[in-house]
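Here's a quick tour of one model, with the cut-offs spelled out as they come up. Have the structure open while you read.

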Amino acid sequence: MKSNHIHSILLGTAILSPGLLFAQFDPTATSASQTQPQTQPGRPQQQPPSSTPSMQDSGPNAGDVGQVMQDKMFLRKAAEGGIAEVKLGQLAVQKASSEDVKDFGQKMVDDHTKLNLEIAQVADSMGVMLPKSMNKEDQAEYDKLNALSGNDFDVEYLSFMVKDHHKDLHEFRMEAGSHADPTLHNEVVKAQSVIHDHTVMVDKLARARGIPVPVHGEHKPNPAPTL
């Protein structure tokens, strides 16, 4: 009886053992060591390589964009100022009491009409829309001068021209010294020379009438580009 019981146990073990052995040595099973990245003691786990700067999209250079915006703003301001020079010069030709002030006003009309056309051509090549009228400050000065006559007109006109030309000369020098569009740069350098001559002229007229003139008025313009 006992021998039959032992025989039955051995027979069951023999039947079950192939499955147990198969489960323990299944070649398709993946061990935990294969699913986890191998790391060495004291060394951090490596991350997947990220894209390098050369692989990333490159946007426009911020400096280039800033210069383009500066050039466009300069052109718009120059156009407004040029319109004012012509309008105020026409007023001086009509209302000034002195011939030298009338002559200066006429020169402003002639020179700035030409400069305005040249600036407009550059702006068109750069796709810049220019204003068609004076700014508010220059319009206010025009209205003020239009209400004056005689010597009062001459003094006010010359005073404004001194201030305006020194400001314009500074702005044109700043633009000429920047990395502007080549076509614009050449035009700015040429216009700067004209504005410098105007500044010297109006300073002389102003001093003759005791009108204050900035000390830096005698600065020389940047040299014209060599062709």
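## Leu-115

Leu-115 counts as buried because its relative accessibility is 8% (buried is under 20% relative accessible area, exposed over 50%, partly exposed in between, with a 1.4 Å probe and protein chains only). You'll find Leu-115 in helix H4. Setting aside residues up to four places away in sequence, Leu-115 touches Glu-187, Ala-191 and Val-194, where contact means heavy atoms within 4.5 Å. Leu-115 and Glu-187 sit 72 residues apart along the chain, and their C-alpha atoms are separated by 8.9 Å.

A word on the ground rules: this is a predicted model, so local features need pLDDT of at least 70 and side-chain atom pairs count only at pLDDT 80 or more, while totals for chains, interfaces and linings use all residues. Residues are numbered from 1 along each chain as its sequence is written, and side-chain values use heavy atoms, with hydrogens and water left out.

## The overall picture

The chain has seven helices and zero strands, and reads α-α-α-α-α-α-α along the sequence. Helices here are DSSP runs (H or I, at least four residues), strands likewise (E, at least two), numbered from the N terminus.

Of the 227 residues in the chain, 31% count as buried. Take the contacts with a separation of 6 or more: 75% of them come from residues 24 or more positions apart.

## One cavity

How many cavities of 30 Å³ or more are there? The count is one, and the largest cavity holds about 40 Å³ of space. A cavity is a set of points, on a 1 Å grid over the protein atoms alone, where a 1.4 Å probe fits but cannot get out; lining residues have an atom within 4 Å of a point. Grid points are joined across faces, edges and corners, and the volume is the space filled by probe spheres set on the points.

The lining of the largest cavity is made up of Phe-74, Leu-75, Ile-119, Val-122, Phe-172, Leu-184, Glu-187, Val-188 and Ala-191. Helix H3 (62-95), helix H4 (99-125) and helix H7 (182-208) are the elements giving two or more residues to this lining, and H7 gives the most, with four. By type, the lining residues split into eight nonpolar, no polar and one charged (Ala, Val, Leu, Ile, Met, Phe, Trp, Tyr, Cys and Pro are nonpolar, Asp, Glu, Lys and Arg charged, and the others, Gly among them, polar).

## Aromatic pairs

Searching the whole structure turns up three aromatic pairs. Rings of Phe, Tyr and Trp (its six-membered ring) pair if their centres lie within 6.5 Å; planes under 30 degrees apart are stacked, over 60 edge-to-face and the rest tilted. Phe-74 and Phe-172 make an edge-to-face pair, 4.9 Å centre to centre with 75 degrees between the planes. Phe-74 lies in helix H3 and Phe-172 in helix H6, so this pair ties together parts 98 residues apart in sequence. Both Phe-74 and Phe-172 are buried.

The Phe-153 and Tyr-157 pair is stacked because the ring centres are 5.9 Å apart and the planes are at 10 degrees. Phe-153 and Tyr-157 both belong to helix H6, four residues apart, about one turn of the helix, and both are buried. Phe-104, Phe-153 and Tyr-157 form one aromatic cluster.

## Ser-178

Ser-178 sits in the loop between helix H6 (150-176) and H7. With 16% relative accessibility, Ser-178 counts as buried. Beyond its neighbours within four places in sequence, Ser-178 is in contact with Gln-67, Gln-70 and His-185.

Conventions: On a 1 Å grid over the protein atoms alone, a cavity is a set of points where a 1.4 Å probe fits but cannot get out, and a pocket is an open set with protein on both sides within 12 Å along at least five of seven lines; lining residues have an atom within 4 Å of a point.
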